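Trainee: Before we discuss particulars, could we put the model on the screen and work through it in order?

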Amino acid sequence: MSELPDQTTPRNSAIAPQLDPAEQTQTLRFLYSPRTALAGELDRPNPHAKKTTFQPEVVAALQSRFGESVLLVTLYAGEHTVYLTRDVIVDACTFLRDEHGFDYLGDLATVDRFTEDDRFEILYNLVSVVGKKRLRLKVRVDEDDAVLPTIIGVFPAANWHEREAWDMMGIRFEGHPDLRRVFMPEDFAYFPARKDFPTLGIPGSLPLPPRVSDGPVQLDPYPAAHGEKPQD
Amino acid sequence: MSTDVLDNPTATPVPVKAPAPSPPGPGAHDAEVFSFWPRHNAAIYSALEGKHTHIEASDDPLEARMILNLGPQHPATHGVLRVVCRLDGETIEANLLDIGYLHRGVEKLAEGKTYHEFLPYTDRTDYLQPYANNVAWCLAVEKVAGIEVPERALWLRTMLCELARLQAHLLWIGTMVMDAGALSVFLWTFKYREELYTIMDEVAGARFTVSHSRVGGLASDVTPAAMGMIRRFCDDFVVQLADWKKLLNRNRIWIDRNVGIGVVTKEQALVQGFTGPNLRGSGIPHDIRIFEPYLKYDAVDFDVPMRTEGDSLARYFVRVEEMEESVKIIRQCLEKVPEGPIRNDNAKAALPSKDEVYYSMEGMIHDFLQTDVGVAPPAGAESYHAIEGAKGEIGIYIVADGTGSPWRIKMNSPSFKNLQGLEFLMDGAMVADTVVLIGSIDPVMGDADK
């Protein structure tokens, strides 16, 4: 969008490796293999970029307030993303709410990066309704320590969102008053949005109704797929 | 649960909690009999027991305390919503909503599909306004891949999104008035919903699950015949809407049933995360069409209806006035829609037209590549795009990994957020009002459960 200023923030190569301009001919390569960004592609003005998501002042304020705890700032499609350490996320939310008018929690999302370190990403999509601002905060946690402090104290609307993150991705939120699963039943023992959860499901993970009214309970949701004949 | 399943090394099991000693809720005496998800129900009842609310519990000399399960199979819950209420006489002391009965895991499904293949799934999330979901998905993909959309397609999408809003609001007003006890409005609104289906049939070739929008544009152009149908619909509809307003706006039964019910203050609405008309009914003029203008909403003239009372009646007025504004937008779109292409001409960004596919080798190759792989945003690209659907902000967050299918998508569904607010709103309400409150919040379970 033309109103947006030049996007000069350098991108971190660990997040999106870029090719140098000499290799730009790769557009003609077959697209089955993952495509890396062409030089400059990630910083190109986006036709759908919004003014609300470009917030250099707020990012600068976060950097001066939290210093070392702001790990990285990225910009793609005119959207600022601020990577924070886990211990300051509640303070950062409070700071943004009180000092910069971010009074509405737009969304809370999780990403499974499926990497050795920092496997899970938790995103906070904060909105300032009056100030017309939107900012994304990100926290990364390891798989064996997927715990975050809850932000319910700052945004009570995070309640169900955090429950969803626990249910789908298995990220625990310390201090959450009622961290139950939200979509899956409590008896379910897995986290279905994780990359290692099979799309076909895990046989026996949920009991199904008997095929006949007084028959045995069907433990395998996909008996035919696992070489069994369905019971009559 | 069999142990070999728990031994599966790839999944991380939930630490097994000690089972609740005696579930306080109904059905406890059936504990020996098979029940489907015993831990699930035990968890709900114990959470309900310990829920902290702003309602003061009184003594119970009349033994009026009971736990009431409403749904999931109940016509007034608009789908498969389960409401577990702890009652004190007729007052709801505390309640918990149990959702997920329509969970299909569309976010996970998207990870195995190309960006185009996933489009029909979006019809089925909020199935009352399929077109808006199609557009939300396409805009999200276009943003993450940086694809431009031609002017005509933007105008047509704007118009059809507003028709989708009418679709959703027509169903809402019909069922809402029916929940309050009057049947006739339901029959009238469904007549006009039917006309909208006919229009969608003419536009997209499908009445309900339209899947008409495409990444980079539209699947097919809107014919002059369809434009005529939309124009005639608008003319008829405004007359009808005025009649319905005459019936309801000063109807004593309707007003008594709604005024002062489920009041949410301005601060509460923001803090509890309401969205869409529910937020605007509480005096917050937050509308994505104004907040982050997309499509052609910055080129049309319309108002954002708002009320400050925050009760069920205010939410009714907001939605009815929104329908009038939608007609206004549709009429402007009919006036202003330019001639031109309906899809991006870049073969790397959008499907080629059928003429190209049938009559040129390159078109055939591009069609094949688009169908097979489709658009491939660069690895590491991520973006969030939101539109204002009939229920509120429909946002889609996409993380791309450089292949033709997304690494991860997250749908920010308005009904999910509104239902969370409903849980807050129903504490302290009367049992008889639950049905009206559910109706006034206007949830769609396909949207909330994803």
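Mentor: Helices here are DSSP runs of H or I with at least four residues, numbered from the N terminus. Please keep in mind throughout that this is a predicted model.

Trainee: In which helix of chain B is the place of B:Ala43?
Mentor: The helix in question covers residues 38-49 of chain B. Residue 43 is within that run, and the helix that holds B:Ala43 is therefore, by the DSSP numbering, the one labelled α2.

Trainee: Is B:Ala43 buried or exposed?
Mentor: A residue counts as buried if 20 or more other C-beta atoms lie within 10 Å of its own. Because B:Ala43 has 23 other C-beta atoms within 10 Å, its class is buried.

Trainee: Leaving aside its neighbours within four places in sequence, with which residues is B:Ala43 in contact?
Mentor: Contact is judged by C-beta atoms that lie within 7 Å. With the neighbours within four places in sequence left aside, the partners of B:Ala43 are A:Arg180 and A:Glu186.

Trainee: Which element gives the most to the side of chain A that touches chain B?
Mentor: Between the two chains, 57 residues of chain A are in contact with 62 residues of chain B. On the chain A side, β3 (104-112) and α3 (158-169) each supply at least two residues. The element that gives the most, with seven residues, is β3(A).

Trainee: How do the residues of that side of chain A divide into nonpolar, polar and charged?
Mentor: The division covers the residues of chain A on the side that touches chain B.

Trainee: Why is strand β8 of chain B largely enclosed by the rest of the structure?
Mentor: In a regular strand the side chains alternate between the two faces of the sheet. In β8(B), B:Arg408, B:Lys410 and B:Asn412 point one way and B:Ile409 and B:Met411 the other way, and all are buried. The strand, residues 408-412, is largely enclosed because its buried residues number five of the five.

Trainee: What radius of gyration does chain B have?
Mentor: The C-alpha trace of chain B spans about 80 × 65 × 35 Å along its principal axes. For 450 residues, a compact globule would have a radius of gyration near 22 Å, and chain B agrees with this, at 24 Å.

Key. Residues numbered from 1 in each chain as written. Chains lettered and ligands numbered in written order. Predicted model: local features only at pLDDT ≥ 70, side-chain atom pairs only at ≥ 80, totals over all residues. Nonpolar A, V, L, I, M, F, W, Y, C, P; charged D, E, K, R; others polar. Buried ≥ 20, exposed ≤ 12 C-beta atoms within 10 Å, placed from the backbone. Rg over C-alpha atoms; globule rule 2.2 N^0.38 Å.
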